[in-house]
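Work through the exercises below with the sequence and the 3D structure open. Try each task before reading its solution.

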Amino acid sequence: MRCSLSVSTKMAAMFVAARLCVPNIGKSMSLNSNLLVVRSQNVNQVKGYASRSGFRRTTISTRSPTLKERLFAPEQGTAFNLGKGLLLGASAFGIGSLCYYGLGLSSEPGAVEKSMVWPQYVKDRIRATYSYFGGSIVVTAISAYAISQSPKLLNLMMRSSWIAIGATFAVMIGSGMLVRSMPYSEGINGKHLAWLLHSSIMGAVVAPLCFLGGPILIRAAWYTAGVVAGLSSVAACAPSEKFLHMGGPLACGLGVVFAASLGSMFLPATTALGAGLYSISMYGGLVLFGGFLLYDTQRIVRMAESYPLYAYKPYDPINASISIYLDTLNIFIRIAMLLAGGGSRRK
């Protein structure tokens with residue numbers, strides 16, 4: 001039940017993050033230029049400016065601003081700078097962990113060392129899990145590209161009415177629940193068809209990201225591949241239970257990021273409060289799902305090792321792959337959005 005709730009919340013966080021760029025693609029790509037305009041207007045109001053009608057002065061108030069005025073004041077870049085600092089710190093931690101565990105400096109064995117003595121069925125389970133993970137990514141990419149080439153379907157996915165958003169969200173969550181509820185067996189069957197359908201629906205959800213541009217999406221895909229490969233290597237080299245104790249804090253963080261993403265849909269990022277929520281959703285979400293990738297990778301290895309060989313229900317590699325699949329999609333969406341914002345600074 002707990003795993004099912006976590007998977008559904010990850011889907012919800014991914015859906016909300018993808019929807020952030022749908023109604024105002026241009027605004028999300030020119031966020032920094034908008035901030036510059038707001039700041040210049042604010043400076044003009046305080047210092048006064050010369051116009052054809054003469055020089056206009058304004059009175060500077062000495063009254064302390066209220067909490068509401070501070071929250072909705074023009075953003076000065078503090079939230080984004082803090083977000084970048086958090087991301088840089090997490091990146092340094094990831095690189096340091098990779099060097100530490102990769103060089104074998106830890107006294108406890110990791111999955112890499114244990115894989116030498118794994119029985120063949122454990123290796124087959126992990127191989128099948130990552131095969132379905134790769135297949136999900138491919139199907140999602142094909143579906144997103146196909147939707148982006150159809151103006152009618154793309155317009156349908158970009159509708160911002162609450163009915164359209166609710167229907168899309170229900171279909172996405174429902175298809176995911178259908179996949180996880182069906183028993184797994186080898187060969188093409190109903191679960192495989194439901195898995196293909198769910199991956200295709202996820203591709204339709206992220207299809208509006210095509211408006212960010214092909215170069216940005218390609219760069220985001222390469223960066224995501226590097227992040228996933230690096231963090232998976234850290235999880236494989238680290239002691240088996242090193243990141244399995246992170247489940248509780250990660251679940252709490254997921255709730256915070258999801259709430260911040262919802263708030264970002266209603267508050268403009270040019271205000272202090274809106275920029276703070278947007279920074280939590282993007283920078284904080286990127287760090288959070290990096291942590292989830294570490295946790296889920298070790299959980300997959302643990303499940304493959306401990307799941308009974310002769311159980312009533314066979315080991316399910318499709319269900320096991322969904323967690324890292326959703327982690328990867330969440331990371332990709334946030335990297336693409338941050339690259340889009342970064343690209344506007346170079347214009």
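The model is predicted, so local features need pLDDT of at least 70 and side-chain atom pairs count only at pLDDT 80 or more, while totals for chains, interfaces and linings use all residues. Residues are numbered from 1 along each chain as its sequence is written, and side-chain values use heavy atoms, with hydrogens and water left out.

**Exercise 1. The whole chain**

Task: State how many helices and strands the protein has, and what share of its residues counts as buried.

Solution: 
Step 1. Helices (H or I, at least four residues) and strands (E, at least two) are DSSP runs, numbered from the N terminus. The protein has 14 helices and two strands.
Step 2. Buried means under 20% relative accessible area, exposed over 50%, and partly exposed in between, with a 1.4 Å probe and protein chains only. Of the 347 residues, 45% count as buried.
Step 3. Contact means heavy atoms within 4.5 Å. Among contacts between residues at least 6 apart in sequence, 84% join residues at least 24 apart.

**Exercise 2. Helices H7 and H10**

Task: Describe how H7 and H10 pack, giving the angle and the distance between their axes.

Solution: 
Step 1. Axes are lines fitted to C-alpha atoms, for helices over the stretch in contact, and angles run from 0 to 180 degrees between N-to-C directions. For H7 (residues 120-148) and H10 (residues 190-206) the angle is about 50°, and the axes are 7 Å apart.
Step 2. Angles under 35 degrees count as roughly parallel, over 145 as roughly antiparallel, 65 to 115 as roughly perpendicular and the rest as oblique. H7 is therefore oblique to H10.
Step 3. A crossing is left-handed if the near helix is turned anticlockwise from the far one by less than a right angle, and right-handed if clockwise. The crossing of H7 and H10 is right-handed.
Step 4. Residues in the contact include Tyr132, Gly135 and Ser136 of H7, and His192, Trp195 and Leu196 of H10.
Step 5. Ala, Val, Leu, Ile, Met, Phe, Trp, Tyr, Cys and Pro count as nonpolar, Asp, Glu, Lys and Arg as charged, and the others, Gly among them, as polar. The contact of H7 with H10 has nine nonpolar, eight polar and no charged residues.

**Exercise 3. Helices H9 and H10**

Solution: 
Step 1. The axes of H9 and H10 come within 9 Å and cross at roughly 155°.
Step 2. The contact involves, among others, Thr168, Val171 and Arg180 of H9, and Lys191, Ala194 and Trp195 of H10.
Step 3. Sorted by type, the residues of this contact are nine nonpolar, four polar and two charged.

**Exercise 4. Two loop residues**

Task: Locate Asn189 and Asp316, and list what each one touches.

Solution: 
Step 1. Asn189 is in the loop between H9 (162-181) and H10. Its relative accessibility is 18%, so Asn189 counts as buried.
Step 2. A polar contact is a pair of N or O atoms within 3.5 Å; within protein, one must be able to donate a hydrogen and the other to accept it, and residues adjacent in sequence count only if both atoms are side-chain atoms. The side chain of Asn189 makes such a contact with the side chain of His192 at 3.0 Å, and reaches the backbone nitrogen of Lys191 at 3.1 Å.
Step 3. Asp316 is in the loop between H13 (272-306) and H14. With 13% relative accessibility, Asp316 counts as buried.
Step 4. Apart from neighbours within four places in sequence, Asp316 is in contact with Met182, Tyr184 and Lys191. A polar atom of the Asp316 side chain lies 3.2 Å from the backbone nitrogen of Asn319.

**Exercise 5. Buried or partly exposed?**

Task: Classify Lys10, Thr328 and Leu262 by accessibility.

Solution: 
Step 1. Lys10 lies in H1 (residues 2-19). At 1% relative accessibility, Lys10 is buried. Beyond neighbours within four places, its contacts include Asp296 and Asp327.
Step 2. Thr328 is in H14 (residues 317-345) and, at 8%, counts as buried. A polar atom of its side chain lies 2.8 Å from the backbone oxygen of Ile324.
Step 3. Leu262 lies in H12 (residues 247-264) and, at 33%, counts as partly exposed.
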